[in-house]
Amino acid sequence: LVIRPAVVLLDEPFSNLDALLREGTRIELRRLQTELGLTTLFVTHDQAEAMAISDRIAVMNRGRLEQLGTPREVYERPATRFVAGFIGRANLFDTPSDDGIALEGPRAPTLLLRPERIILDDAEPSAANAT
């Protein structure tokens, strides 16, 4: 950082750190990026790490770019089933076509449901809604 590089390249830099040190180092790196205006290319297989320190994420699968976007975009609007399952926990449901048969393949419409979006309500149904 002393020589003020145009880009800092980091390939799995925290892989050998224990969890506590890893988290502290992640916070410090993010602070330095912001404070010094560093452009950083950070390679990691740790999705939480990528989400925590990135302004933009590129999700790769077998050498192919699956999606590029902000952490929020990639998490909330994944471009592919792979991205949906790779970034966070996901329940994926193929939706049926007009004839009630679930479609398959890359063009099949899919419903994505993140566990943190599920709300369980144990309230008794009202008499007006009882059938």
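Helices (H or I, at least four residues) and strands (E, at least two) are taken here as DSSP runs, numbered from the N terminus. The model is predicted, so that local features need pLDDT of at least 70 and side-chain atom pairs count only at pLDDT 80 or more, while totals for chains, interfaces and linings use all residues. Residues are numbered from 1 along each chain as its sequence is written, and side-chain values use heavy atoms, with hydrogens and water left out.

We turn to the charged pairs. The whole structure holds seven salt bridges, each being a side-chain nitrogen of Lys or Arg within 4 Å of a carboxyl oxygen of Asp or Glu. Within helix α1, Glu-35 and Arg-31 lie four residues apart, about one turn of the helix, and their side chains meet in a salt bridge with an N to O distance of 2.7 Å. Glu-35 is exposed, at 55% relative accessible area, whereas Arg-31 is partly exposed, at 37%; buried means under 20%, exposed over 50% and partly exposed in between (1.4 Å probe, protein chains only).

A further salt bridge links Asp-46 to Arg-22 (3.6 Å, N to O). Because Asp-46 sits in the loop between β2 and α2 and Arg-22 in helix α1, this pair ties together parts that are 24 residues apart in sequence. Asp-46 is partly exposed, with 23% relative accessibility, and Arg-22 is buried, with 15%. Glu-66 also pairs with Arg-64, their closest N and O atoms being 2.9 Å apart, and Glu-66 is buried at 11% relative accessibility. Salt bridges with shared partners join Arg-22, Asp-46 and Glu-49 into one network.

Next comes the space between the atoms. Two or more lining residues come from each of α1 (19-36), β2 (40-43), α2 (47-53) and β3 (57-61). By class, 14 of the lining residues are nonpolar, seven polar and four charged, where Ala, Val, Leu, Ile, Met, Phe, Trp, Tyr, Cys and Pro count as nonpolar, Asp, Glu, Lys and Arg as charged, and the others, Gly among them, as polar.
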